[in-house]
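Visitor: I have just opened this one and would like a slow walk through it. Could you take my questions as they come?

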Amino acid sequence: MPNAKLILNDKEYEFPVFAGSENEVAIDISKLRAQTGAIAYDPGYGNVGACSSSITYIDGDAGILRYRGYPIEQLATQATFVEVCYLLIYGHLPTADELEKFNARLNKHSLVHEDMKKLFEGYPPSAHPMAIMSAMVISLSAYHPDLLDPEIIDTNIMRLLAKFKTLAAFTYKKSVGQPYVYPRSDLSYTADFLHMMFSVPTHDYDIPDVVVKALDLLLILHADHEQNCSTSTVRMVGSSQANVFASVAAGVNALWGPLHGGANQEVIMMLEDIHKDGGDVQKYVNMAKDKNSHFRLFGFGHRVYKNFDPRAKILGKAADDVLNALHVTDPLLDIARGLADAALSDPYFIERKLYPNVDFYSGIIYRALGIPTSMFTVMFGLGRLPGWISQWKEMHNDPQTRINRPRQIYTGETARDYVPVDQR
Ligand code: SDX
């Protein structure tokens, strides 16, 4: 492809141009500062590619999302979450034998060191589960110290994938004051998580298939999403050669933010407020348009999707299917639909291409499955875990990887001399 040309201070510079496998075009400015003395400036990185990746492809205008080339619509209806974990981490759909071995490894590593239960004791029951999960993920590095041994990295990846769901369930049990329930190797990954969440010593949770399928769907839809905030954080931290536990723990923290994974909890709280306030959705649409209100419609808008979020489309339908199958009625679903209809027909949202995103309907389904609102973002993290891991692994194994170190434009004081305190 012909070079891109830049004219700066009447001098012309050329920079290479290349395209990815989906013909996305990039200008390689890795020599920009060395050649021109200037940097590119893009707070929020909306126009900057931090890496090349072969894991996930998103076309925000066409509403396309593919994991390793497979459309999300096919994976959502035909695959299991464990198959998607394998696909993201190893790059291909597992054969029956590979899948059996993968499940056996997940079962083998699903227990956590008994001493980790003591870590939970230090938290008040009211602790936000994301705070606990962040601490538990980084604490895994203390129990599995061979952090960067190439022979051990794949085992540590399996440990993280297997133990995160156990720690997530323990976090829930801690919040409700119930005893921890240990994993069972006769259950699938998703069924085992539900078992650990909802079984009690007096009786095992009778796990309805419809609940397992609904949760598998939610986890698949959250599994990866190219260079979103938390995944970019995992890559940022991992670029210093920090281990996978440290890098993913950083991703957990980034996900917690209400503009990112924390939005699913905010959506339900918003819908509950609207419900308590009489269900006047137009009032809240108007508030969202009023900059002085500082109110945003959580679950709406996306940096990349400017047409529709394919995940929201799938979840919008699944919400009806799951609630009907469970004979659950939830007034918040009607409010969500009314809110979406009102916003999608409003010029403010249409002009800004704001559509429901993955967080808009997910909480309605989590609620129907019996998962408390405080655990919603942990559920997002459980789904995103294979994505974080696969992106960390791709970055870690790439010989081109350099430590991430963005530049800045300084706008502070220019040079000045120190003044002793008795002269200020
Ligand atoms: C996720 O990146 C990913 O892939 C993320 C994710 C993943 O899978 O990893 O998809 C998961 O994080 C989904 C997003 C969850 N967050 C929310 O639902 C929070 C509400 N949404 C917004 O805060 C916002 O839309 C973002 C954060 C999602 C995107 O922010 P951008 O791209 O920085 O857009 P912006 O804030 O610059 O908004 C552009 C305009 C602004 O208005 P103007 O200044 O042009 O007048 O749109 C407005 C914003 O005020 N706007 C909204 C709005 N979102 C954007 N106005 C009202 N309600 C909203 N939700």
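**A first walk through the model**

Guide: Let us begin with Y45, which sits in the loop between helix 1 (32-36) and strand 5 (56-59), and please keep in mind throughout that this is a predicted model.

Visitor: What is the phi of Y45?

Guide: Y45 is not a glycine, and yet its phi is positive, at about 55°. As background, most residues other than glycine have a negative phi.

Visitor: And is Y45 buried or exposed?

Guide: Y45 counts as exposed, because its relative accessibility is 52% and the cut-off for that word is over 50%.

Visitor: How is the chain divided into domains?

Guide: The division gives domain 1, covering 4-41, and domain 2, covering 56-398. Taken over C-alpha atoms, the centres of domain 1 and domain 2 are separated by 37 Å.

Visitor: Let's go to the start of the chain, then. How do strand 1 and strand 2 pair?

Guide: Strand 1 and strand 2 pair in the antiparallel sense, over five bridges, and within that pairing K5 stands opposite E14 in strand 2. The two strands form a hairpin with two residues between them, and N9 in the turn has a positive phi of about 55°.

Visitor: Where is D10 found?

Guide: D10 is found in the loop between strand 1 (4-8) and strand 2 (11-15). D10 also has a positive phi, near 65°, although it is a residue other than glycine, and with a relative accessibility of 79% it counts as exposed.

Visitor: Next topic: which strands make up the open sheet?

Guide: The open sheet has three strands in the order 5-6-7, with antiparallel pairing. Its edge strands are strand 5 and strand 7, each of which pairs on one side only. In general, strands of a sheet pair through backbone hydrogen bonds.

Visitor: How many bridges join strand 5 to strand 6?

Guide: Four bridges join strand 5 to strand 6, and the two run antiparallel; Y57 stands opposite R66 in strand 6. Strand 5 and strand 6 form a hairpin with four residues between them, where G63 in the turn has a positive phi of about 65°.

Visitor: And what about strand 6 and strand 7?

Guide: Strand 6 and strand 7 (residues 70-71) are also antiparallel, pairing over two bridges, and here Y67 stands opposite Y70 in strand 7. Their hairpin has two residues between the strands, and in it R68 takes a positive phi near 50°.

Visitor: Which residues are on the covered face of strand 6?

Guide: On strand 6 (residues 64-67), L65 and Y67 make up the covered face, while I64 and R66 make up the uncovered one.

Visitor: Switching to helices, why is helix 3 described as largely enclosed?

Guide: Helix 3 (residues 81-90) is largely enclosed by the rest of the structure because nine of its ten residues are buried. The buried residues are F81, V82, E83, V84, C85, Y86, L87, L88 and I89.

Visitor: Now the ligand. How many residues surround it, and which are the closest?

Guide: The ligand is surrounded by 24 residues, of which the closest are H225, R296, H302, R303 and R311. Sorted by class, the shell holds ten nonpolar, seven polar and seven charged residues.

Visitor: Which polar side-chain atoms lie 2.6 Å from an oxygen atom of the ligand?

Guide: One belongs to H302, where a polar side-chain atom lies 2.6 Å from an oxygen atom of the ligand. A polar side-chain atom of R311 likewise lies 2.6 Å from an oxygen atom of the ligand. The ligand has 1,000 Å² of accessible area on its own, and the protein covers 77% of that.

Visitor: One last stop: where is H327?

Guide: H327 is placed in the loop between helix 14 (310-325) and helix 15 (331-344), and it counts as exposed, because its relative accessibility is 74%. Although H327 and A368 are 41 residues apart along the chain, their C-alpha atoms are separated by 9.4 Å.

Methods: Residues numbered from 1 in each chain as written. Predicted model: local features only at pLDDT ≥ 70, side-chain atom pairs only at ≥ 80, totals over all residues. Heavy atoms only, no water. Near = heavy atom within 4 Å. Polar contact = N/O pair within 3.5 Å; in protein donor to acceptor, adjacent residues only side chain to side chain. Areas by Shrake-Rupley, 256 points an atom, 1.4 Å probe, with all protein chains shown as cover. Nonpolar A, V, L, I, M, F, W, Y, C, P; charged D, E, K, R; others polar. Buried < 20%, exposed > 50% of the residue type's maximum accessible area, 1.4 Å probe, protein only. Domains from an automatic or database assignment. Pairing = 2+ DSSP bridges.
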